[in-house]
Amino acid sequence: MTKLQAKNIVKHFDHNGNSVVALDGITLNVEEGDFVCIVGPSGCGKSTFLNIIAGLEQPDSGEILLNGKPISETGPDRTMVFQEGALFPWLKVIDNVEFGLKMAGIPKDERREISRRYLDMMQLTKFADSYTYQLSTGMKQRVAIARALAMDPEILLMDEPFAALDSQTRDLLLVELQLIWERTKKTIIFVTHNISESVILGNKVEIFKNRPSKIKKEIIIDYRRPRLTEDANLQKYYHEILQELKSEVMARSKDDLK
Amino acid sequence: MNAKLLYKQILFYVGIIAVWQVIFLTHVVPSQALPSPLQVGQLLLKEAADGSLPYAIGVSMWRLVVGLIIAIVGGLTLGILMAKIETANQTIGSLILGLQSIPSVAWVPLALLWFGPTDAGTIFVVVAGALFAISINTHSGIKNIPPTYIAAGKNMGASGLQLITNVMIPAALPYLITGFKQGWAYAWRGVIAAEIIFSIAGLGFLLNLGKHNNDISQVTGILIIIMIIGILVDGFVFKKLEAKILARWGLLK
């Protein structure tokens, strides 16, 4: 079943008084339970696309359908894990996790039960009463994932959530995220500029073309899980994506030199 | 506060009192102009015992707190309005910048004409002194909220008033506390000034009474009390609050 459809999404940006096309007609179908990775050069508009799905930005034309219904605003059915976590420093870890539940008016006892479950899933139970400044960057991203999952969203949106992590922490979270995906059967859209992340995580990888950006190619990766960073069998996917992206980066620098 | 610093400060204040006592004993300054530390201490003890000093402190603090609460509610509202609506910032914002430059004591004549020598008059001076500093700091606090906090709040279903109370105000707290601190300082000056000029109760009134009765011990003693309250509120209430907020927001190195 199709969970989310993006239909011909167009977005312009104002750059020094000139209108620049950021997204030039993006069309994408995401099936229920898909793990879709969007990979592309920096500045290609992949985060903008994610923000449009989240409802944080509006497209100039085109529409997003969730379960067949058009959406225009932000909603807890599409929770986002931000690059820097965006946890609230004034709240304890557990209160961060249940923030959205509180906004939805869910009673305290029920909130605690749900948040405890996700804290446990992310191995954060010990840190329930900590404040975010007491956590490492990796821990913060775990909290951010728990916070997004606690809303039991239709789709989990992830905007380069592991970009700021050291490689050991990242490898660990890459495996954990696959396990969580298998356990919760969530539909996930994950944006990254890191090719190996996209290969490890995605069952579909969408390669974004440079500005004006379009989807250049979709690669299906049907391979056992959990996939590990060092798995040599993933190399061919890595190289396929790398080739596609290389030509993009070359075209971009040629443009810049003109 | 570490022990060494505490000893240093205690020694310093004991030193001041000693020098003061020496000056008094040598009659360099006439005793109508300078009481002895002992006279001041005795007077304050007497006034503490008969309840007149605690009453005066209570009255002044009550006026201050009521005024500050009004100024905080009003300042938050104005500041958020200015941050959200650019026209409000360009119009009301410019007026507030102007009004903020008026010293709190300058509001006293207006307070007297509008409210007479009443509690409301003193509270008006407190509000006028604190409101604008709080508005300005609220405005910059809201403007400086990292955009991802707002995005995250909206993403998890907060909107309208919910977003303001659950995300924007706490996110702006490091700025807001600066506003409250400034606001308190202006308000404290304002309440004492208003009491000196037109009130029949409070620390400012006791100060004025001392002047009327030519009682130098009273004037000196009340000045010391005003200073101590300032130190306590600044050093304990605000500094502690500020340190806690900065640490929690990850802003403290």
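A:Val39 stands opposite A:Ile207 in strand 9 (residues 204-208) of chain A, where strands (E, at least two residues) and helices (H or I, at least four) are DSSP runs numbered from the N terminus. The model is predicted: local features need pLDDT of at least 70, side-chain atom pairs count only at pLDDT 80 or more, and totals for chains, interfaces and linings use all residues. Residues are numbered from 1 along each chain as its sequence is written, while chains are lettered from A and ligands numbered from 1 in the order in which they are written.

Strand 3 (residues 35-39) of chain A pairs with strand 9 of chain A in the parallel sense over four bridges; two strands count as paired if DSSP finds at least two bridges between them. Strand 3 of chain A also pairs with strand 8 (residues 187-192) of chain A, in the parallel sense and over five bridges. In that pairing A:Cys37 has A:Phe190 of strand 8 as its bridge partner. Five of the five residues of strand 3 of chain A are buried, so this strand is largely enclosed by the rest of the structure. A residue is called buried if 20 or more other C-beta atoms, placed from the backbone, lie within 10 Å of its own, exposed if 12 or fewer do, and partly exposed in between. A:Phe35, A:Cys37 and A:Val39 point one way from strand 3 of chain A, whereas A:Val36 and A:Ile38 point the other way.

These pairings belong to an open sheet of six strands in chain A, with the order 6-7-8-3-9-10 and mixed pairing. Axes here are lines fitted to C-alpha atoms, for helices over the stretch in contact, and angles run from 0 to 180 degrees between N-to-C directions. Helix 5 (residues 137-150) of chain A lies across strand 6 and strand 7 (155-159) of chain A, and runs at about 180° to strand 6.

A further set of pairings involves strand 1 (residues 2-15) of chain A, which is joined to strand 2 (residues 18-31) of chain A by 11 bridges in the antiparallel sense. Within this pair A:Gln5 stands opposite A:Asn29 of strand 2. The hairpin of the two strands has two residues between them, and A:Asn16 takes a positive phi near 45°. Strand 1 of chain A also runs antiparallel to strand 4 (residues 61-66) of chain A, to which five bridges join it; A:Ser61 of strand 4 is the bridge partner of A:Val10.

Positive phi values occur at other non-glycine residues. A:Asn8, in strand 1 of chain A, has a phi near 50° and counts as partly exposed, with 13 C-beta neighbours inside 10 Å. A:Asn67 lies in the loop between strand 4 and strand 5 (69-71) of chain A and has a positive phi of about 50°; A:Asn67 is partly exposed, with 14 other C-beta atoms within 10 Å. A cis peptide bond, with omega about -5°, joins A:Arg225 and A:Pro226. A:Pro226 is placed in the loop between strand 10 and helix 8 (235-257) of chain A.

Chain A contains eight helices and 10 strands. Its radius of gyration, taken over C-alpha atoms, is 18 Å, close to the 18 Å given by the globule rule for 258 residues, so chain A is as compact as a globular protein of that length. The rule is 2.2 Å times the number of residues to the power 0.38. Buried residues make up 45% of the 258 residues in chain A.

Chain A is divided into domain 1 (2-77 + 154-257) and domain 2 (84-152), with bounds from an automatic or database domain assignment. The contact between them takes 10 residues from domain 1 and 11 residues from domain 2, residues being in contact if their C-beta atoms, placed from the backbone, lie within 7 Å. Helix 6 (residues 167-184) of chain A gives the most to the domain 1 side, with four residues.

The contact between the chains takes 16 residues from chain B and 20 residues from chain A. On the chain B side, the largest share, six residues, comes from helix 7 of chain B.

Methods
Two residues are in contact if their C-beta atoms, placed from the backbone, lie within 7 Å.
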